[in-house]
Every structure is written in C-alpha cells, then in structure tokens.
Amino acid sequence: MVFRLAVPEESTMHDHRKLGRELGLFGTDPLIGAGLPYWLPDGAIVRHSLEEYVRGLERRSGYRHVHSPVLAKRELYEISGHWAHYRDDMYPPMDVGGEQLVLRPSLCPHHALIYRSRGRSHRELPLRIAELGGMYRSELSGVLGGLSRVRAIQLNDAHIFCTLDQVEAEASAALAMIRQAYDALDIRPARYRLSLPGAGGKYVAGDWDRSVEILRSVLDGLPYDAVEGEAAFYGPKIDVQIADSAGRESTLSTVQVDFHQPEQFGLEYVGADAAKHRPVMVHRSIIGSVERAVAQLVEVHGGAFPAWLAPVQLRLLPVSAAEVPYAREVLDRCGNLRAEIAAEGSLGARIRDGRWAPFQAVIGSREVAAGQLSLRLRDGRRLDLQPVADALAWLNRAVEP
C-alpha cells in the first residue's frame, strides 16, 4: 500500500534551524561545541526512521552492511590520497601509543580494506557493502549552520566493487535508488550535476575520461549540468543537488566512479580466466549525511513529515475524562505505531496542537459504545467509523514508506 497525505502544489520552505528547535528535534550547547548538535527524542525518532528506511532499501537491493571504526592510522589516508589532497578538511592526528591516529574524513578507505580482507572471485562481483557510519570534517566556524553543515557526520555510504563491464549498470542502479528514496521522502532535487575536474585542482592521475564517459551514460535522459572543479580528488561524480530555504545549493547524494583507490590498495579478484584483475570502486550515497537529509526534510515539510517519518503518527483525543480509559486501551493495542494520548485542554486546542501528526482520532461516547475509531487525516480528510482492529491495521499500512 502506498499512502500519501494530500499536499499543496506550492509549499513554503522553512528555516530548519528555527523550526527544528520549535519542534523539539535538535539543539546545541556551547559546552559541546559549534557544529555538534544533539538530538532530542522526537528528532532521534526522525533520524532513526530515516536510517532504518535506508538500510531496508539497501538490503532489498543486495547490499551487505558492515561497521568500521571512526579512527584509523594516518598511513591509511596517505595510501588512499586523502592526506595529500584533503588534509585541510581533516582533524590533526592524535599521538596514541607511538602511532598517529586520525578521525576519518571518509569511509571509503575502510571499505577498501574490508574488501581486501580475503581473496575475491569474479563470482562475488558486484560486491555491494554499505554502512551508516560516523566521519568528521574540520569545518570552519563561519560555514557551520544547523544540521546542514556540521563537524560530526553520520554518513549513509556504500561502495560497490565490480568489474569494468558492470560499472555502468551499478552506477545506474545507484542513481535509481537515490530517485526512489527522494520519492519516498517527497524531496525534489534542485538539479543533477556532473562534477568534473578543474584547472589547478589537486587530482590524482587516472582514467578520468573513461569515468566521465560512464557517468554521462548514466545521466543520459536526465537534465544535468556539467561543472568543472567539483570532482572528488580521485574521480568524477554525479551530485544530486538540493536547495535550502534561502536558495543555497548543497550536495545531498552522490554516485562516483573510482579507479584510483583499488589501485592504491592493491585490490584484486580472480577472473574466469584464473588471472588476477583489478576491480572498479563505485561510491554511492543515497541520502548523504543524515544531518543534512533531516535539515532538508524540515525545510521542505515543515513539521508535517511523511507519515512513516513523523515522531507521533497517531494522537488519541478523548473528548472528556470519561473516554480516557478507552483511549488507553486503544493505545495499548497500537504496537509499533508511534501514538500518544492528548487529554488536557479544550478539544479544539488539542486538535490544533496536534496539526503536525498525520493522524488524529477524536474519541467520544459514540466511539466508546461502538468499540470503534474515527480517524482525522492531517490534510483535512475524515474516515468513517471502523472497528479499532481495522483502523489500526489501516494505519499500520499507511505509515509504511
């Protein structure tokens, strides 16, 4: 079942920094530090629901999930090229036990080592591994802003190790996943960008022409802009751009083709000819950083999140104290639905206070006598009275992404 609440054709974008605090999603404290927001209970629900959705989408698409540490030796990033080309955005090394450890700026070197942890056959490829993992960027204080630009990032990242013949199909499938997720999130990209190397940039040597050709084929049929100077240091990429309430663009999702890191880490697989071959690495992020994704969701939807993301999905509104026991019985039957009882104040005020919830149920003497519920939808629609079991079954289907 695909259920959507009706939305107006034109919507006003909101400043997520202001509304996020009003909705009780996140906050900051100078004792924690700039660019390091904390998540309040309702914000954590949105965040975790988003993460669970992405993991489920990845599992259904053949990805296997891994977990890797947020620290590594400086040497790892010297091999990957991050230390030479990305050092200004990394935190200084920490001397620990005679070794220099670095907070990682990226997950891809860790995933390269996971691939290299044992021998690989061509029969295993494409090998898709994914992780929702922490990474850190030494952002200047002047560019920090709410959730959209932070110093501690939870990144939805994945890497596909494949043969050259498989690269285009895997990159195309990755872009299709991004578009599927945007549809579930009701996010519209501002534009697609083919990010190319530019003059004077720090880029590694490699087969850039072949990478660009592959990504152009992936974008065939979609409107996109080719922009020089925006490539990663190791290869070109497709960037899916979003815009905030002030019209500022940023990158949320990416698909990248990388011949460099497989070479640097000596990655191999045994082909059908029994010889060793070098895989290609496709980097792919469906929603980029969870922080930036939530910021965009707040700006696009205000507090009216899609039903599957809403911190409270169902509010039960007993008309008087006499209906509270019945409301509690219904609440006990809600299972995984995120439901609450709102019994204080006038009914009209409670309905207005719950305007962000996708569903409300006013419970009066009629509902109690019949053992039923009548659902109000956030967009103004009302459903007929129905038995509690039927109403809850309908709601459970309606809150699926």
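Reader: How many residues does helix H2 have, and what does it reach from its first C-alpha to its last?
Author: This is a predicted model. In it, H2 covers residues 41-60, which is 20 residues. The helix reaches 28 Å from first to last C-alpha, close to the 28 Å expected at 1.5 Å a residue.
Reader: Which residues of H2 are buried?
Author: Among them are Val-46, Leu-50, Tyr-53, Val-54 and Leu-57. Arg-47, Glu-51 and Glu-58 are also on the buried list.
Reader: What follows H2?
Author: Gly-62, with a positive phi near 90°.
Reader: Which residues other than glycine have a positive phi?
Author: Asp-186 is one of them, with phi near 55°. Asp-186 sits in the loop between helix H6 and strand E9. Another is Ala-274, with phi near 70°, in the loop between strands E13 and E14.
Reader: Is Ala-274 buried or exposed?
Author: Exposed, with a relative accessible area of 64%. Asp-186 is at 32%, so it counts as partly exposed.
Reader: Different topic. Where is the cis peptide bond that joins a residue to Pro-126?
Author: Between Leu-125 and Pro-126, with omega about 0°. Pro-126 lies in the loop between helix H5 and strand E7.
Reader: What is the strand order in the open sheet of four strands?
Author: E17-E16-E18-E20, with mixed pairing. E17 and E20 are at the edges and have a single partner strand each, so one side of each has no neighbour in the sheet.
Reader: How do E18 and E20 pair?
Author: In the antiparallel sense, over three bridges. Ala-361 has Leu-375 in E20 as its bridge partner.

Technical notes. Residues numbered from 1 in each chain as written. Predicted model: local features only at pLDDT ≥ 70, side-chain atom pairs only at ≥ 80, totals over all residues. Heavy atoms only, no water. Pairing = 2+ DSSP bridges. Helix = DSSP H or I, 4+ residues; strand = E, 2+ residues; numbered from the N terminus. Expected span 1.5 Å × (residues − 1). Buried < 20%, exposed > 50% of the residue type's maximum accessible area, 1.4 Å probe, protein only.
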